[in-house]
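Here is a short briefing to read alongside the structure. Take a moment to look the model over, and then let's walk through how its parts meet.

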Amino acid sequence: MSSSYSIATIPGDGIGKEVIPAGREVMEALAAASGGALHFTFEDFGWGGDWYRAHGEMMPADGLEALRGKDAILFGSAGDPHIPDHITLWGLRLKICQGFDQYANVRPTRILPGIDGPLKRCAPGQLDWVIVRENSEGEYAGVGGRVHQGHPIEAATDVSMMTRAGVERIMRFAFNLARSRPRKLLTVVTKSNAQRHAMVMWDEIALQISKEFPDVAWDKELVDACTARMVNRPASLDTIVATNLHADILSDLAAALAGSLGIAPTGNIDPERRYPSMFEPIHGSAFDIMGKGLANPVGTFWSVVMLLEHLGEAEAARQVMEAVEHVTANPSLHTRDLGGSATTEQVTRAVCEHIAGTRQRLAA
Ligand code: ATP
């Protein structure tokens with residue numbers, strides 16, 4: 001039986017233009033190695049900073065329509081030194097996340113074989129987390145305003161907006177994800193000691209939803225204490241759920257503790273599958289290394305693994321992850337961010353060759 005998927009690729013800006021073609025190459029190698037069982041058709045969208053310079057917008061007004069029928073989206077990064085960050089972010093990535101109600105942002109973190117993380121006391125396997133970030137409201141709801149600009153009485157607000165429906169659905173998603181993992185353990189991150197309205201509701205809803213999951217052990221942690229716990233007691237954490245802002249910060253810490261920003265993947269997921277979900281490395285456009293072949297493509301490859309898992313292709317996902325771990329285990333295939341000198345192309349070739357070899361190994 002053969003499965004065919006239609007994938008949108010959006011390289012965006014900076015090193016996104018290098019790592020997304022690399023991700024596509026890996027998916028093509030996977031399809032070739034599947035002997036016809038897997039087939040991908042790609043459509044590439046050249047949206048981002050260059051598109052903005054030519055058209056005055058980061059993506060076309062009807063861009064979501066072009067993506068709607070796809071099975072998944074592989075996204076690079078949005079960011080441009082000559083365009084304000086709020087335009088690059090809200091005009092492309094957030095437009096897709098919000099337009100397709102991708103309310104669950106999922107970020108797995110592990111220290112991959114061969115990677116030297118900064119936590120010297122952490123044995124491999126002790127750091128194995130998935131952070132679930134509320135991706136549709138909270139601190140980044142876009143609610144607020146600014147008046148009397150430039151005058152001494154100038155005032156500005158950013159209001160964190162939490163809705164019962166929004167919190168219930170992300171809690172339910174996080175408890176379900178925790179249940180699917182061997183340890184069945186969820187930590188709910190909060191700040192209800194200082195923020196006494198929305199975060200108190202957040203806590204109450206966590207307790208309410210926990211009753212639906214009697215088999216999942218859970219605890220609560222203040223966000224500031226959580227940073228210390230991630231460093232001092234990494235093995236005490238497994239699945240973590242946090243608000244949009246809290247998880248944004250915690251997941252950068254997680255990526256750094258796992259060895260490099262260049263490795264970490266993420267998925268912006270619509271759990272109800274009404275729309276395509278979007279997968280991307282968590283790093284940005286990194287203009288400092290753009291065009292030099294130095295970008296680490298592993299974050300994109302791991303994003304491809306998440307994409308395949310989302311499509312239900314568990315075996316294909318396992319094959320790509322195995323190839324990635326085989327490659328990270330070899331220091332001569334580390335890019336500069338990991339202390340090596342390998343190029344994007346060399347790492348990509350090695351992953352593709354390992355995938356091609358899987359089939360030969362199975363046939364032998
Ligand atoms: P943006 O402004 O688009 O969010 P950025 O340019 O600030 O992104 P980040 O992605 O946040 O860059 O990364 C910070 C630094 O980490 C980069 O400047 C780069 O040197 C390094 N880095 C990030 N991703 C990678 C990668 N995939 N491979 C190698 N180095 C990377």
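A salt bridge here is a side-chain nitrogen of Lys or Arg within 4 Å of a carboxyl oxygen of Asp or Glu. By that rule, Arg-169 forms a salt bridge with Asp-101, with the closest N and O atoms 2.9 Å apart. Please keep in mind that this is a predicted model, in which local features need pLDDT of at least 70, side-chain atom pairs count only at pLDDT 80 or more, and totals for chains, interfaces and linings use all residues. Residues are numbered from 1 along each chain as its sequence is written, and side-chain values use heavy atoms, with hydrogens and water left out.

**The two domains**

- The chain is divided into domain 1 (1–104 + 263–364) and domain 2 (118–257), with bounds that come from an automatic or database domain assignment.
- The C-alpha centres of domain 1 and domain 2 lie 25 Å apart.
- In contact terms (heavy atoms within 4.5 Å), 11 residues of domain 1 meet 13 residues of domain 2.
- Domain 1 and domain 2 bury about 920 Å² between them, 57% of it on carbon and sulfur atoms; buried area is the accessible area (1.4 Å probe) that two parts lose on being put together, summed over both.
- Tyr-103, Ala-104 and Ile-282 supply 50% of the area that domain 1 buries against domain 2, more than any other three residues.

**Polar features between the domains**

- The rule finds one salt bridge across the interface of domain 1 and domain 2.
- Four residue pairs are in polar contact between domain 1 and domain 2, both residues at pLDDT 80 or more. A polar contact is a pair of N or O atoms within 3.5 Å; within protein, one must be able to donate a hydrogen and the other to accept it, and residues adjacent in sequence count only if both atoms are side-chain atoms.
- Helix H4 (residues 85–99) gives the largest share of the side of domain 1 that touches domain 2, with three residues. Helices (H or I, at least four residues) and strands (E, at least two) are DSSP runs, numbered from the N terminus.

**Around Asp-101**

- Asp-101, Arg-169, Asp-270, Glu-272 and Arg-274 are linked in a network of salt bridges.
- Within this group, the side chains of Arg-274 and Asp-101 meet in a salt bridge (3.0 Å, N to O).
- Arg-274 lies in the loop between strand E11 (265–269) and strand E12 (277–281) and Asp-101 in the loop between H4 and E4, so the pair ties together parts that are 173 residues apart in sequence.
- Asp-101 is buried, with a relative accessible area of 19%, whereas Arg-274 is partly exposed at 42%. Buried means under 20% relative accessible area, exposed over 50%, and partly exposed in between (1.4 Å probe, protein chains only).

**Other salt bridges**

- The structure holds 26 salt bridges.
- One of them joins Lys-70 and Glu-43, with the closest N and O atoms 2.6 Å apart.
- Lys-70 is buried at 15% relative accessibility, while Glu-43 is partly exposed at 36%.
- Glu-221 and Arg-229 form a salt bridge at 2.8 Å between the closest N and O atoms, and both residues are buried.

**Two buried polar residues**

- Asn-135 sits in the loop between strand E5 (128–134) and strand E6 (138–147) and counts as buried at 4% relative accessibility.
- The side chains of Asn-135 and Asn-268 are joined by a polar contact of 3.0 Å.
- Thr-109 belongs to strand E4 (residues 104–110) and is buried at 7% relative accessibility.
- Leaving out residues up to four places away in sequence, Thr-109 touches residues including Leu-127, Trp-129 and Trp-302.
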